[in-house]
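Hi,

Here is the structure I promised to pass on.

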Amino acid sequence: MTLFHFFNCAILTFGPHAVYYSATPLSEYDTLGTSIKAALVYLGTALVKLVCLATFLKVSENDSFDPYQELLKALIGFIDVAGLYFALTQLTHRNISQNHKFQAVGLGWAFADSVLHKLAPLWVGARGLEFTWDFILQGLEANANMVLSISLAALGSLMWLRKNKPKTLIPIIYACAGIVATMPSITSYLRRGLGWHFPKVVGFELFTSLVMAFISWQLFSACQRPSS
């Protein structure tokens, strides 16, 4: 029963990445190499973030919300944006369209994030003797993070690769990218500042990811239309 629970949670956590790759044109255009490169960039970015967090943040004696510490975390979190910039603009990609490039980069980024942050807790905890919903919620959270990562990659693609975008949409694109990039700090405030329980936070993340995905899709579609 414990292994069955572990495999169920693992499929919920990592399965949607494979489904997304197989169900979209990414598999037809063989963009796996692009996703792997993006995953490696994410690992390097995570290492830089870890060093910065260890250098500039102090260990809190309690789990209360510290605005100064959270502000530092949010600023350090923008290293992810720099990593995505590098993955989208500096890595060599096969001859694929901008539409497929940001999806492949975002998917590889999200998969590496899930492996780094979810695999070890799953392996240690989901094989326990007592059933708990926490690991199912972690799987749902990984799905929300996947949608947010692809949305951020789409917004980054518009910011850095799309030259002829409508000027009226530029502030909206940057504002949405800022919201997605600071989502870890927002959820930290909800959990530690407002005292939200984990299921409520995951529900917020799922809802926000769907909203940001819809907005990103609308912005990308609007920028694809020829200007009059």
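This is a predicted model: local features need pLDDT of at least 70, side-chain atom pairs count only at pLDDT 80 or more; totals for chains, interfaces and linings use all residues.

Let's start with the packing of α1 and α6. Helix α1 covers residues 2–23 and helix α6 covers residues 134–160. Their axes are 9 Å apart, and the angle between them is about 10 degrees. Angles under 35 degrees count as roughly parallel, so that is the label for α1 and α6. On the α1 side, the contact is made by His 5, Cys 9, Leu 12, Thr 13, Pro 16, His 17 and Tyr 20. On the α6 side you'll find Phe 135, Ile 136, Gly 139, Leu 140, Ala 142, Asn 143, Met 146 and Ile 150. Sorted by class, this contact has ten nonpolar and five polar residues, and no charged ones.

Asn 8 is also in helix α1. Its relative accessibility is 37%, so Asn 8 counts as partly exposed. The C-alpha atoms of Asn 8 and Phe 135 are separated by 9.6 Å, although the two residues are 127 residues apart along the chain.

Now for α6 by itself. How many of its 27 residues are buried? The count is 22, so α6 is largely enclosed by the rest of the structure. Its length works out too: at 1.5 Å a residue, α6 should span 39 Å, and its end C-alpha atoms are 38 Å apart, which agrees.

Helix α9 (residues 198–224) has 27 residues as well. From first C-alpha to last, α9 reaches 38 Å, close to the expected 39 Å. The buried residues of α9 include Val 201, Val 202, Glu 205, Met 212, Phe 220 and Cys 223. Which helices do the buried residues of α9 pack against? They pack against α5 (98–125), α6, α7 and α8 (183–193).

Lys 167 sits in the loop between α6 and α7 (170–181). With 73% relative accessibility, Lys 167 counts as exposed, whereas Cys 223 is among the buried residues of α9.

Over in helix α5 there is His 100. Is His 100 buried or exposed? Its relative accessible area is 10%, so His 100 is buried. Leaving out residues up to four places away in sequence, His 100 touches Pro 25, Leu 26 and Tyr 29.

A backbone detail comes next. Most residues other than glycine have a negative phi. Asp 30, however, has a positive phi, near 55 degrees. Asp 30 is in the loop between α1 and α2 (32–56), and at 45% relative accessibility it counts as partly exposed.

Finally, the annotation. The UniProt entry, which is unreviewed, places "transmembrane region" at residues 39–59, 71–92, 104–124, 144–161, 168–190 and 202–220. I compared two of these with the model:

- Residues 104–124 are 100% helix and 0% strand, with the end C-alpha atoms 30 Å apart.
- Residues 168–190 are 87% helix and 0% strand, and here the end C-alpha atoms lie 32 Å apart.

Cheers

Definitions and conventions: Residues are numbered from 1 along each chain as its sequence is written. Side-chain values use heavy atoms; hydrogens and water are left out. Axes are lines fitted to C-alpha atoms, for helices over the stretch in contact, and angles run from 0 to 180 degrees between N-to-C directions. Helices (H or I, at least four residues) and strands (E, at least two) are DSSP runs, numbered from the N terminus. Angles under 35 degrees count as roughly parallel, over 145 as roughly antiparallel, 65 to 115 as roughly perpendicular and the rest as oblique. Contact means heavy atoms within 4.5 Å. Ala, Val, Leu, Ile, Met, Phe, Trp, Tyr, Cys and Pro count as nonpolar, Asp, Glu, Lys and Arg as charged, and the others, Gly among them, as polar. UniProt positions are given in the numbering used here, feature names are shortened, and annotations may be inferred rather than shown by experiment. The expected span of a helix is 1.5 Å times one less than its number of residues. Buried means under 20% relative accessible area, exposed over 50%, partly exposed in between (1.4 Å probe, protein chains only).
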